[in-house]
Amino acid sequence: MILHVVMWKFKDGEEANIDKFLAGLEGLRGIIPQIVEMELGKNINPNNDFDAVLVTKFRSFEDLEIYKSHPEHKKVSALCKTIRTAREAVDIEI
C-alpha cells in the first residue's frame, strides 16, 4: 500500500475557494476507483504552518499515478494552484 500525504498553506481571503477545493477533492472518492481510503480536513491548530491535509491510500504506486493524472484530479488541482502559497507532499509504502 502507498500512503500519499499532502499539506497546503492557502492565501488569505480564499475561504470560499478553499471550501470548493476541499469539496472537489472529497468528490474524487466516488470518481477515481484507485482511491482505497481518503481522509481530508482543515487544520484546527492555529500554531501549525499548514491549513489543510489530505491522506490517501492506494494499492500501488501505479494507482497513485493514475489518480494524479486523472482529468478530474487535474481540475481540482488547477484550482488549488491558484489559491495556495505552499504545498508539501510525501509518499510512503506501508
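Two rings of Phe, Tyr or Trp (its six-membered ring) make an aromatic pair if their centres lie within 6.5 Å; planes under 30 degrees apart count as stacked, over 60 as edge-to-face and the rest as tilted. This is a predicted model, so local features need pLDDT of at least 70 and side-chain atom pairs count only at pLDDT 80 or more, while totals for chains, interfaces and linings use all residues. Residues are numbered from 1 along each chain as its sequence is written, and side-chain values use heavy atoms, with hydrogens and water left out.

A search of the whole structure gives four aromatic pairs. One of them is W8 with F10, stacked, at 6.4 Å centre to centre and 20° between the planes. W8 also pairs with F21: the ring centres are 5.0 Å apart and the planes stand at 90°, so this pair is edge-to-face. W8, F10 and F21 form one aromatic cluster.

Are W8 and F10 buried or exposed? Both are buried, where buried means under 20% relative accessible area, exposed over 50% and partly exposed in between (1.4 Å probe, protein chains only). W8 has 5% relative accessibility, and F21, at 2%, is buried too.

Next, the core. A nonpolar core is a set of buried Ala, Val, Leu, Ile, Met, Phe, Trp, Tyr and Cys residues joined through side-chain atoms within 4.5 Å. The largest one has 21 residues, and W8, F10, F21, L25 and Y67 touch the most other members. Leaving out residues up to four places away in sequence, L25 touches W8, M38, L40, L54, Y67 and V76, where contact means heavy atoms within 4.5 Å.
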